[in-house]
Amino acid sequence: PKDRQLMMLKLADAIEATLDALAAHAQWKDTLDLARVGGFGISQGGETLMLMGGAALTTTVFQDSKKVLHDTRLAAAVGYIPFFGLSWLPSFGEDQQGVVGVTLPYLAIGGTADPLAELERIEQAVRLLGGTSSVIAFPGLEDELEPAYPGDIFTWTIVFLDSRLKRDVAATAKLQRMTAVAGGVGEERRIDYTAPLP
């Protein structure tokens, strides 16, 4: 776990350093809204975004966990096949308890046949979140990106980020009604909680 812990810390630190660099750069600091950043991460990138949102990282084989970062500039995140650990070593402490109290709006998109980014681990963590949270399950999807899926993935992502980042009332209403993308691959919305807009 020590090597993996170090790698995850470096990934989170690298994203935070990138946001710092953009905030200090003359070309971007007045152009980007760095107080409300949306993130999209694949596999360990999805896990890294959860850590940036304040989740506690598993630090020992006994499933002890420790909060490593909380960058409030990250205002919403989407994880595609996010790696949230394995049954014997979850990413966020025992029974994913390291996400309790995390209010980062999070959309997880996983596959029912994924042996690595297990849907059960994803759902276990997302159920404990304190803010807007959803899990979308694609039937038969393994740990990959198939040509049939990007349209559905981007539709869910854009509606979710428009709702949470732009605070778009129409996007929020759409997010609350969506169960699948019309004409898509037949995904299923397994967890669905949309917090009221401020």
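User: Which residue in β9 is the bridge partner of Val 135?

Analyst: That's Ile 191. Quick heads-up: this is a predicted model, where local features need pLDDT of at least 70 and side-chain atom pairs count only at pLDDT 80 or more, while totals for chains, interfaces and linings use all residues. Residues are numbered from 1 along each chain as its sequence is written, and side-chain values use heavy atoms, leaving out hydrogens and water.

User: How do you know that β8 and β9 pair?

Analyst: Two strands pair if DSSP finds at least two bridges between them. β8 and β9 have 5 bridges, in the antiparallel sense, so they meet that rule. Strands here are DSSP runs of E with at least two residues, helices are runs of H or I with at least four, and both are numbered from the N terminus.

User: What makes β1 and β9 edge strands?

Analyst: The open sheet has 5 strands in the order β1-β4-β7-β8-β9, with mixed pairing. β1 and β9 each pair on one side only. Further in, β4 pairs in the parallel sense with β1 over 6 bridges and with β7 over 4.

User: Why is β4 called largely enclosed?

Analyst: Buried means under 20% relative accessible area, with exposed over 50% and partly exposed in between (1.4 Å probe, protein chains only). In β4 (residues 74-80), 7 of the 7 residues are buried, so the rest of the structure largely encloses this strand.

User: And why does Thr 194 count as buried?

Analyst: Its relative accessibility is 12%, so it falls under the cut-off. Thr 194 sits in the segment after β9 (188-193). Contact means heavy atoms within 4.5 Å; leaving aside neighbours within four places in sequence, Thr 194 has contacts including Thr 132, Arg 164 and Leu 175.

User: What makes a group of residues a nonpolar core?

Analyst: The residues must be buried Ala, Val, Leu, Ile, Met, Phe, Trp, Tyr or Cys, joined through side-chain atoms within 4.5 Å. The largest such core has 29 residues, and those with the most contacts inside it include Met 50, Phe 92 and Val 99. Among the elements giving two or more residues to this core are α1 (2-24), α2 (44-52) and β4. A second, separate core has 19 residues, including Tyr 80 and Trp 156.

User: Which residues does Val 99 contact, leaving aside neighbours within four places in sequence?

Analyst: They are Met 50, Ala 55, Phe 92, Ala 125, Leu 128 and Leu 129. In soluble globular proteins, nonpolar side chains tend to be buried together.
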